[in-house]
Structure formats: C-alpha cells, structure tokens
Amino acid sequence: MAILSPSYLTFKAKKLNLYKVTLTIILCTIFYLAGFYQNSRGAIPINNTSSSINEVFPCAPPNHNITTLDFEARHFAPDPAPLVERAHHLPPCDPKYSEHTPCEDAERSLKFDRDRLIYRERHCPESHEILKCRVPAPYGYKAPFRWPESREFAWYANVPHKELTVEKKNQNWVHVEGKRLRFPGGGTMFPRGADAYIDDIGKLIDLGDGSIRTAIDTGCGVASWGAYLLSRNILTVSFAPRDTHVSQVQFALERGVPALIGIIASIRLPYPSRSFDMAHCSRCLIPWGQYDGQYLIEVDRILRPGGYWVLSGPPINWETHWKGWNRTREDLGAEQSQIEKVAKTLCWKKLVQRGDIAIWQKPTNHIHCKVNRKVFKRPLFCKSQNPDMAWYTKMETCLTPLPEVSNIRDIAGGQLAKWPERLNAIPPRISRGSLEGITAKIFIEDSELWKRRVVYYKKIDYQLAQTGRYRNLLDMNAHLGGFAAALVDDPLWVMNAVPVQAKTNTLGVIFERGLIGTYQNWCEAMSTYPRTYDFIHADSVFSLYKDRCDAEDILLEMDRILRPEGSVIIRDDVDVLLKVKSIIDVMQWDGRIVDHESSPHEREKILFATKMYWTAPNPHQNQGAEVVS
C-alpha cells in the first residue's frame with residue numbers, strides 16, 4: 001500500500017478548504033441577488049383578503065383576520081424647549097459713578113455710627129442696591145505714566161481733583177501743572193521730601209540690610225512714604241479712609257503705589273498677625289492712646305516679632321511745634337505720656353526719639369512680657385480668638401500672644417531670611433506645620449509651577465511680557481503667592497488677595513515671603529477706587545464662588561477696578577469659562593479661551609481678555625452714549 005507524504009496531505013487539505021470558500025462565496029452571491037430582486041419589486045401588499053396573500057405565498061393557509069400593518073407612532077412627546085440663558089445686559093453707569101466705591105459710599109456711610117469714625121469703615125450695599133452697570137472712566141482718561149515716571153506725575157483727567165492742591169499747598173503733596181498732576185514727594189511732616197525723611201529714619205534703624213521688607217503706612221496721604229521706600233526694596237501697603245481729603249488713595253494708585261481704602265476704627269485691619277516688619281504714622285491723627293490703647297494693640301497684632309513702629313507729628317517733639325499745632329503744652333504732653341504708657345504695657349521698647357521722629361520696637365517673643373503682667377494688669381493676653389482672623393472681626397483690648405519659644409533669644413514664629421532670599425525660603429508657617437496639608441515640598445513645587453505658568457502667560461499675552469506695560473496687578477486667589485513671586489523681577493507690584501472662603505488661610509505665608517496682600521470676599525466690592533489695576537489674575541475664583549454669588553457681579557467688580565485697556569487672565573473649568581465668556585462679550589472685553597499649558601486634554605482652560613478703551617461722554621456735549629475708541 002502506497003504511503004502518502006505529509007506534504008501531499010497538506011496540499012489536499014488546502015485544496016479542500018479552497019473549494020469550501022469558493023462555494024460559500026457563490027451561495028452568498030446568489031442569495032444576495034435573489035433578495036435584491038425581490039425587494040426591487042416593491043413592498044409586499046398586505047390587506048384583509050386571503051386570496052391576495054395566497055397569491056404571493058401560495059402555501060399560506062387562508063386567514064380572514066389579517067389586517068393592514070401600520071407602523072406609524074401613536075404616542076408623541078413634545079420636543080424639549082431650547083435652553084435659553086438670561087440675556088446679559090450690562091450698560092454703562094451714569095458718569096456720576098465714575099469714582100464709585102460701593103463699600104465706602106459717602107451717602108450710605110451716614111447711616112452708621114459716627115463715634116470712633118465707624119461710619120467710614122466698610123459698609124457694603126445690600127444685593128438689591130448693587131449697581132448692574134459698568135463704571136465709566138472720566139472723559140479724557142489716559143493710560144497712566146509708566147513707572148518710575150508715575151511716581152512724580154499723573155494725568156489730571158484721570159483724577160480730576162484740586163482739593164489737596166489747595167489744602168496742602170505748602171506741604172508739597174501735589175500740584176497741578178497744566179494737564180498733569182505733579183507729586184514733589186512732600187508730606188505734612190517731611191516738607192523736604194519723602195526721600196530725605198526716609199534717610200532720617202535710616203539713620204536710626206537699618207533700612208538697607210534686607211531685614212525690613214514689608215511696611216504699612218496708616219493715614220498715608222498720597223503715599224509718598226511708600227512710593228520712595230520702593231527704591232529701597234521695601235514694599236508698603238498704604239491706607240487712608242475716603243474722607244475730606246478727597247481721593248488721596250486714588251492719587252497713590254494712579255502713581256503706581258500699593259494702597260487701599262481703610263481706617264482703624266472698630267474692626268481689625270484685613271491682615272493676619274505678624275505681617276509687617278515696620279508700621280508708620282506721620283501725623284495720621286489716630287488717637288493712639290485712647291480706647292484703652294486699642295489702636296496700638298491692633299498695630300501690635302500685625303507687627304512681626306522685632307518689628308518697628310515709627311511715629312512723627314503730634315505729639316512727638318511737641319516742645320518745638322506746639323504753637324504751630326494750635327494746641328497747649330499740657331494737652332500734647334499728656335497725649336505723649338499716654339502713648340508711652342500704652343507702648344510699655346505692650347512690652348515695646350522705645351529705641352530712639354530724635355527731632356520729629358520716635359521709634360519703638362516690638363519684642364521678639366513674649367517670655368518677659370508674660371512675667372510683667374504682674375506689673376501691667378492690662379492688657380491681658382487674648383485666649384480664644386484666632387489672631388489671623390481679620391474680616392469684619394472686632395478689635396479687642398487684649399494682647400495677641402506670640403507663638404511659644406523655649407529660649408529668650410528665640411524669635412517667636414521662626415526666624416525670617418533677609419530679602420531677597422526670603423522670597424523663596426520655606427516660610428516659617430509652613431516649616432513649623434502651621435498650615436494643614438501644606439508642606440515644604442508642596443511650597444517648592446508650587447513656586448516652580450507658577451514660574452512655568454507665567455512663562456506660558458507671557459507667550460500668549462505679549463503685553464504682560466512687555467517690561468513696564470503693567471504696574472498695578474491683582475491676584476484674586478493668590479494661595480501661596482506663586483504668581484507674584486514669579487514676577488518679582490519685573491517693575492510691578494501684586495496685591496495678593498486671599499478669599500475668606502478659601503480652604504486654607506495662606507495670607508500669612510505670603511507676607512512671610514516678603515510680599516503683600518489682603519483678605520477679600522469677592523461677593524463684595526474691594527476697598528479700592530475704580531481703575532486701580534492694570535492687570536487682574538483670577539485662578540479658580542468663579543468655581544470657588546459658584547454657589548455663593550453671581551458671576552456677573554464678580555465680573556462687574558473686576559470691570560470697575562480694571563483700567564481701560566487693562567488685561568485679565570482667568571483660569572477655571574471649561575464650562576465655567578464658557579459662562580464667563582458669554583458675560584464678558586457684553587462688557588466690551590475682547591477675550592479668547594486657550595488650552596491649559598500642560599495639555600489640551602485638561603478640563604481647566606485659560607481665558608485671556610482685555611478691557612476695551614471707553615469713557616464717559618464729554619460733559620460739555622449733549623450726548624447720551626459712551627465714547628468708545
């Protein structure tokens with residue numbers, strides 16, 4: 001019997017498979033053509049006669065109950081109504097609101113207690129009182145001078161007020177020169193100029209070694225003290241109320257100097273404890289010795305351990321000036337004695353009094369201060385209230401205790417590095433574990449993240465990349481201050497706002513880095529004038545306030561405090577940004593949404609926008625429309 005080779009068997013198997021495949025293809029083709037032929041004859045008629053169906057299907061049994069099949073729908077749901085969002089209509093406000101400050105409104109303030117000037121504190125409008133319109137710039141408004149020229153000059157059309165040029169004529173606060181305002185740098189107690197005055201202070205304490213970086217000027221006038229400290233790398237928050245000295249804070253902001261509307265009255269200043277290296281009062285007219293020393297107690301709360309308080313003007317050197325101040329020797333002497341007494345109860349040391357300047361220093365810890373409570377029964381140390389809580393928080397007459405130390409030479413709360421190393425050194429509040437969930441590693445990573453983000457911003461917004469284009473910047477949700485830190489080499493300053501609704505209170509860290517900031521609730525207006533900022537940065541602000549207040553109101557506030565032709569960068573979820581974009585489209589902002597710097601697949605996107613130039617109409621012409629370029 002013949003034996004078949006394996007190769008032959010393989011060949012036969014393949015040949016058999018080929019036959020099967022061929023047969024399958026032929027059968028499929030036949031069935032397809034048959035079906036196509038049958039369907040091409042039209043629909044199969046179906047009616048009530050059995051004979052007709054038997055004609056098509058002869059073998060079908062007779063059925064007298066067959067009816068015509070009707071596949072039309074019997075139940076209809078109405079189409080859903082299209083989603084229609086409320087149309088946004090945000091017209092310009094009346095020109096009389098060109099300097100509108102909602103929470104410091106002169107008319108509303110008259111409803112409140114005049115005792116201790118409480119009526120000049122923040123008193124924000126009710127929801128039904130909020131203006132639903134865009135605050136106009138005054139007619140003729142121009143882009144401010146660039147820094148450092150702006151320190152000395154501003155356009156009169158931008159802040160059209162002459163009251164201080166008359167009232168403070170001999171003190172060199174401000175002069176009108178044609179279309180410009182000129183700021184010679186003078187002040188009530190430094191007619192030779194702020195620079196010379198600061199030199200005098202520098203002869204008494206070291207202003208140049210980097211240990212003093214943050215300062216606060218109470219009752220700042222036009223902020224010349226803060227303006228001239230900038231050249232010494234000292235960053236000052238200047239504040240004054242909106243009072244009879246019309247627009248003094250507005251002048252400061254127009255000069256490119258950090259400032260806020262504020263007053264020491266009954267509530268804490270909006271800063272955490274241990275924020276400032278130096279506090280200053282030059283004839284600020286604050287009654288420091290009254291009300292059980294409550295105002296000096298508040299200064300003590302916000303001063304760092306070892307920080308300085310500088311006082312000039314009444315009652316310092318009253319022996320020389322009492323006649324010019326139109327006060328008696330006895331009155332001025334009693335006032336100074338009361339200030340000296342309060343300072344001692346706070347454990348401050350008077351370092352020096354020379355000429356018109358006196359300087360006190362806060363202790364670096366409270367070891368001795370706790371012991372001397374046996375001598376000074378008042379003020380007692382506060383026991384319950386959070387020392388960093390400062391949003392509508394009532395001032396107390398108790399002394400804010402410093403963090404505990406084990407040695408008399410230790411600095412309470414931790415030693416700060418000197419500027420500029422201080423900017424990137426691990427802040428003591430983080431290194432000591434005071435902020436839950438924020439470690440040194442997270443701080444370093446956050447700083448590097450914002451360096452990358454700012455590089456990306458500058459690639460998109462060429463004006464941000466242009467040195468000197470922006471001067472006054474606001475970060476609405478500053479977190480650890482990374483955005484401001486990444487811009488520190490540019491000739492600008494950033495007001496770092498920490499929302500009171502933020503999960504973690506990080507404002508203390510921002511000050512420990514040598515930056516400045518404030519608390520803020522963005523459901524309310526900011527304590528500043530219209531057109532304060534050249535640039536606003538908002539990271540996740542609208543998500544944070546999504547269920548708290550209307551995005552339209554937040555955007556109107558941003559529009560109020562943003563200069564014409566100023567820019568905005570908003571980071572948020574794409575759905576949130578789409579809603580924001582629909583609102584700014586009726587606000588005369590030009591905006592576009594771009595991808596996240598890491599990937600287009602990220603849900604977080606970035607909105608870049610610019611406020612277009614427009615002003616109130618010419619008051620000398622009968623026109624009802626805004627002037628738009």
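Are Glu604 and Arg571 buried or exposed?

A: Both Glu604 and Arg571 are buried, where buried means under 20% relative accessible area, exposed over 50%, and partly exposed in between (1.4 Å probe, protein chains only). This is a predicted model, in which local features need pLDDT of at least 70 and side-chain atom pairs count only at pLDDT 80 or more, while totals for chains, interfaces and linings use all residues. Residues are numbered from 1 along each chain as its sequence is written, and side-chain values use heavy atoms, with hydrogens and water left out.

Glu604 forms a salt bridge with Arg571, and their closest N and O atoms are 2.9 Å apart. A salt bridge here is a side-chain nitrogen of Lys or Arg within 4 Å of a carboxyl oxygen of Asp or Glu. This pair links distant parts of the chain, with Glu604 in strand S17 and Arg571 in strand S15 (residues 562-573), 33 residues apart. Helices (H or I, at least four residues) and strands (E, at least two) are DSSP runs, numbered from the N terminus.

Glu604 also meets the side chain of Arg453 in a salt bridge, at 3.9 Å from N to O. Arg453 lies in helix H13 (residues 440-460) and Glu604 in strand S17 (residues 604-611), so this pair ties together parts that are 151 residues apart in sequence. Arg453 counts as buried because its relative accessibility is 11%.

Salt bridges that share partners join Arg453, Arg571, Glu597 and Glu604 into one network. A search of the whole structure finds 33 salt bridges.

The side chains of Lys611 and Asp559 meet in a salt bridge of 3.9 Å, N to O. Lys611 is buried, with a relative accessible area of 3%, and Asp559 is buried, with a relative accessible area of 0%. In general terms, side chains of opposite charge can pair when their charged atoms come close.

The largest nonpolar core has 133 residues, of which Trp288 and Trp309 touch the most other members. Such a core is a set of buried Ala, Val, Leu, Ile, Met, Phe, Trp, Tyr and Cys residues joined through side-chain atoms within 4.5 Å. Its largest share, six residues, comes from helix H18 (residues 551-561).
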